[in-house]
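User: Hi! Could you walk me through the salt bridges and strands of this protein, one step at a time?

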Amino acid sequence: QVQLVESGGGLVQAGGSLRLSCAASGRTFRNYAMGWFRQAPGKEREFVARINWSGGSTYYADSVKGRFTISRDNAKNTVYLQMNSLKPEDTAVYYCAADPRGSFTSYIYWGQGTQVTVSS
């Protein structure tokens, strides 16, 4: 069992930056692929970014490519999402998720989410 706790959300002006953190419990965190997702009001949850177990492979949604960076520190059981040049359309609840299979299709552990609000 893995528990995920997100933090770092808040209110920021357009063009600003935030860094989200996702702290994971469990000794097997370092074996898991991790992803960030978001859900805006009235919209479906969407993929944002993912990272493999070692941090050597990352992938981003087109909407955030070049602005967001996903990274991980396996020694700290934490995955990060650095968000720069934020836009009002980035406003959403952001969730981290863990994929024990490393396939990027089996996210079975989810955090409770952290709110990000970008004002224009």
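**Salt bridges and strand partners**

User: Which residue does lysine 65 meet in a salt bridge?

Analyst: A salt bridge here is a side-chain nitrogen of Lys or Arg within 4 Å of a carboxyl oxygen of Asp or Glu. The side chain of lysine 65 reaches such an oxygen at 3.1 Å, N to O, and its partner is aspartate 62.

User: What kind of model is this, and how are residues numbered?

Analyst: This is a predicted model, in which local features need pLDDT of at least 70 and side-chain atom pairs count only at pLDDT 80 or more, while totals for chains, interfaces and linings use all residues. Side-chain values use heavy atoms, leaving out hydrogens and water, and residues are numbered along each chain as its sequence is written, from 1.

User: Is aspartate 62 buried or exposed?

Analyst: Buried means under 20% relative accessible area, exposed means over 50%, and partly exposed lies in between (1.4 Å probe, protein chains only). Lysine 65, at 46%, counts as partly exposed. Aspartate 62 has a relative accessible area of 65%, so it is exposed.

User: How many salt bridges does the structure hold?

Analyst: One of them joins aspartate 90 to arginine 38, with the closest N and O atoms 2.9 Å apart. Another joins aspartate 90 to arginine 67, at 2.7 Å. The structure's total is four.

User: Why does arginine 38 count as buried?

Analyst: The cut-off for buried is under 20% relative accessible area. Arginine 38 counts as buried because its relative accessible area is 6%.

User: How many residues of E8 are buried?

Analyst: Strands (E, at least two residues) and helices (H or I, at least four) are DSSP runs, numbered from the N terminus. Strand E8 spans residues 78–83. E8 is mostly covered, and of its six residues the buried ones number five.

User: Which residue in E8 is the bridge partner of cysteine 22?

Analyst: Two strands pair if DSSP finds at least two bridges between them. Strand E3 (residues 18–24) pairs with E8 in the antiparallel sense over six bridges. In E8, the partner of cysteine 22 is valine 79.

User: Which residue in the turn between E7 and E8 has a positive phi?

Analyst: E7 and E8 run antiparallel, joined by six bridges. They form a hairpin with four residues between them, and the residue in the turn with a positive phi, about 50°, is asparagine 77.
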